[in-house]
Amino acid sequence: MLAKHDLLHVVRLGAVLAVVLPALVGQVATAGETAENAVHETTDRALTLWYTQPASAWTEALPIGNGRLGAMVFGSVERERLQLNEDTLWSGGPHCYDNPDAYRHLAEVREAVEQGKFVAAEATAQEMLGRPKYQHAYLPLGDLFLDFPKSEKPSEYRRELNMRGAVAQVTYRIGDARFTRKVFASRPDEAIVMRLECDKPGRITFDLSMKSPHPSKSQAIANDTLSMAGHVEPREESRLIAPWPREGLGFEARVRIAAEGGKVAARGDKISVNGADAATLFYVAATSYVNCRDVVGDPAVKLAKCVVGIKRKSFEQLYTNHLDDHAELFGRVSIELGGKGAATMPTDERLKRAARGTADPLLAEQLFQYGRYLMIAGSRPGTQPLNLQGIWNDQIRPPWGSKYTININIQMNYWVAEVCNLSECHEPLLRMIGELQRPGASTAKVHYKAGGWVAHHNTDLWRGTAPVDGAQWGMWQTGGAWLCQHLWEHYLYSGDTEHLKQSYPILKGAAQFFLDFLVENKHGHLITSPSLSPEHSHGGGLSAGRAGPTICSGPTIDMQILRDLFGNCIEASKILDIDEEFRARLTRTRARLAPMKIGRHGQLQEWQEDWDNPEDKHGHVSHLYGLYPSCQINRRDTPKLFAAARTSLMHRGPHGGWPGAWSMSLWARLGEGDRAHDILVNHVMPILNENLFNSRQVYQIDANFGATAGIAEMLLQSHGGEIHLLPALPKSWATGSVTGLRARGGFEIDMVWKDGQLTQSTIRSHLGRSCRIRTHSPVRVVSGGKDITSSGPEPSVVEFETRRGESYRLLPGVALRR
């Protein structure tokens, strides 16, 4: 692959020859264009998923999205199907889930826990669940169909998703004609656009229709425009916090057809195109959702604004707008791990080969970039956050309601946002955290008579914060506190003090709840009670990991999350120079939190009691939060806990799906890249669907994002006040490169390595802060042609001051240390 600097040499050479040898200008220009085209072609192949047959199932279809609108493209020759989503189409409506009877059971549950009567405690805790005890679900909007005339069997069929351009494309031949369909979801123009072309005139003929699983009516509202309007089925009566119609959210979708040649005719609930040279479809959709307390918006009014804007633009303008918008985000990061030759084989065949043990480093590259692609497609400023299925769901009753599960899953979705240079895409989650304050304050007061705000293990579009589902899952008060870590991480990466000012009241409110909720145990430490280690039974020490109670007090993850929450709040108050008295109180309380413990098997205890079972292979490793995503446990500051965390991870064994994705980052934090790589290729990749969606038991998108984050963590870490380059590089990736990864402190990193050793790195400073770099072998720092290496505490550590906007090169070797 031609590197950026090599291409720059080609361009410079062309400029010189144009002056010295005018006769060769044309030839040089052609050579330069050829080289550039070769680079683009190679890059496109490496960033393209492709297949030689249409999708026969939803998990084979290809996802596109603009953050709000999502579609799955099937690519059938005779009947194209786009399965459609809009990110605010959920069941239910504005609702308060709080249970006014919950608080009167709190003391009884706490007493039963203290006495070791966990079954009784869990039974009583069922009375503390929200009303109703189940939250609402994310729903499909419907389907768009294009029915084509029956024809002879097609040849040269190819279906693909180009991640570099965010375009799904289908091409095939029928007889002497070549047909092409391009589909993309435009963020700038808030539409899904489909272009149909043929290299023979007059061959584009099809019928357009739409269907929805909800009560709806599809009809032509103009000769070239089809509308589908409806509403979600009525929901059960429940306490409302706003006036609200009995039926669910309203929605409308419209498709306009612009045909070139041929005829367009409306026929009831269809629009037909006959004999066109080409046709472009413009799809828009909206719901009546305004915010979590207001659902009386008019979808038709919203759509009218989109349609007016689209009508003024040609397909070429819409396409260019889309490509430019996507490239600005996607193009920030590149990765090269080898194996580009595999791009000549269809993706589904490569997945089968990889499952049989065939090495395919390109598949790791593509999975990494696929996570970034899905983040861009599913999460943009102003949209809803990515849920359990991102923004793609075809089921009325999706697994776990396709909600926001905040005891690991939604957090994992956003682990990629900062390190993978997509900070803007973090905004929907950060905004949602702020939106949880109001309902969370009500839940804190009603359920616990506490101040501040709280959120348990799930939330939905209506921002429910009460415990739900069942006490064995729902009685966990630390979901909101974990989310607050994302507010802090965004500040660490961006240095945005305005963001910190806006976030501080949210952090403080979350901390305030626990100041009121914590209780003292028999050792004088402060713990949560009642609580649980997410979704994991301790069995009272008899059968950890099997059926049994989960309710307990002071699980390790709670103490770790609160240590982070209180510490972040303390540090934020110092930076902002506010709240000295509250800071002092938090400091005293933080010092009294129950410490992490090492158990009889040498493991990090998951609970206050030594209940861990080495034979327990449960997927949740909640007590390892302190290792990753937190950095409380690390090799240098807590070596004994570091070793204990490793023992716990060994006990749990390998997993696929999201547990495997989490363990990739955990092994990377332990510095064991080969183990992280083994989890990736032997456990995560083998159960991917044909379209690379995760399929551990059912489709759930968190593993895609978790795998991307895990690969990034293998290549770059930036906690503990230093940036570690190639901290967990596996032997299988001995030679490679990556550009554009972000590090805490406002740095952007490029790296090239060969035979397992760093050969060069570029550090770009966005904030002008001090930089401390750790590598596996000594390096020197060069800026402006001068060696500026400063002495570090170890030979493999260098420290240097930076200026905002300047770049610094790291090269192998030892310079004179000052």
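Q: Does K731 count as buried or exposed, and what is its relative accessibility?
A: In this predicted model, K731 counts as exposed because its relative accessibility is 67%, and exposed means over 50%.

Q: Which residue does the side chain of K731 meet in a salt bridge?
A: Side chains of opposite charge can pair when their charged atoms come close. Here the side chain of K731 meets that of D674, with 2.8 Å from N to O. The pair links distant parts of the chain, since K731 sits in the loop between β23 (723-725) and β24 (736-743), while D674 belongs to helix α20 (residues 673-684), 57 residues apart. D674 is partly exposed, because its relative accessible area is 33%, a value between the 20% and 50% limits.

Q: Where are E713 and R669, which form a salt bridge?
A: E713 lies in helix α21 (residues 702-715) and R669 in helix α19, 44 residues apart, so that this pair, too, links distant parts of the chain. The closest N and O atoms of E713 and R669 are 2.6 Å apart, and both residues are buried.

Q: How many salt bridges does the structure hold, and which residues are linked in a network of them?
A: The structure holds 43 salt bridges, and a network of salt bridges links E722, R772, R774, E794 and E799.

Q: How do the axes of helix α18 and helix α19 cross, and which residues meet?
A: Two packed helices are described by the angle between their axes and the distance between the axes. For α18 (residues 639-652) and α19 (residues 657-669), the axes come within 11 Å and cross at roughly 145°, and the crossing is left-handed. On the α18 side, F642, R646, L649 and M650 meet S663, L666, W667 and R669 of α19. By class, this contact has five nonpolar, one polar and two charged residues.

Q: Which residues have a positive phi, and where is a cis peptide bond found?
A: Most residues other than glycine have a negative phi, and most peptide bonds are trans. E190, in the loop between β8 (177-186) and β9 (191-198), has a positive phi near 50°, and it counts as buried because its relative accessibility is 19%. L692, found in the loop between α20 and α21, has a positive phi of about 75° although it is not a glycine, and it is buried with a relative accessible area of 0%. A cis peptide bond joins R131 and P132, with omega about -10°, and another joins Y628 and P629, with omega about 15°.

Definitions and conventions: Residues numbered from 1 in each chain as written. Predicted model: local features only at pLDDT ≥ 70, side-chain atom pairs only at ≥ 80, totals over all residues. Heavy atoms only, no water. Axes fitted to C-alpha atoms, helices over the stretch in contact; angles between N-to-C directions. Helix = DSSP H or I, 4+ residues; strand = E, 2+ residues; numbered from the N terminus. Left-handed = near helix turned anticlockwise from the far one by under 90°. Contact = heavy atoms within 4.5 Å. Nonpolar A, V, L, I, M, F, W, Y, C, P; charged D, E, K, R; others polar. Salt bridge = Lys/Arg side-chain N within 4 Å of Asp/Glu carboxyl O. Buried < 20%, exposed > 50% of the residue type's maximum accessible area, 1.4 Å probe, protein only.
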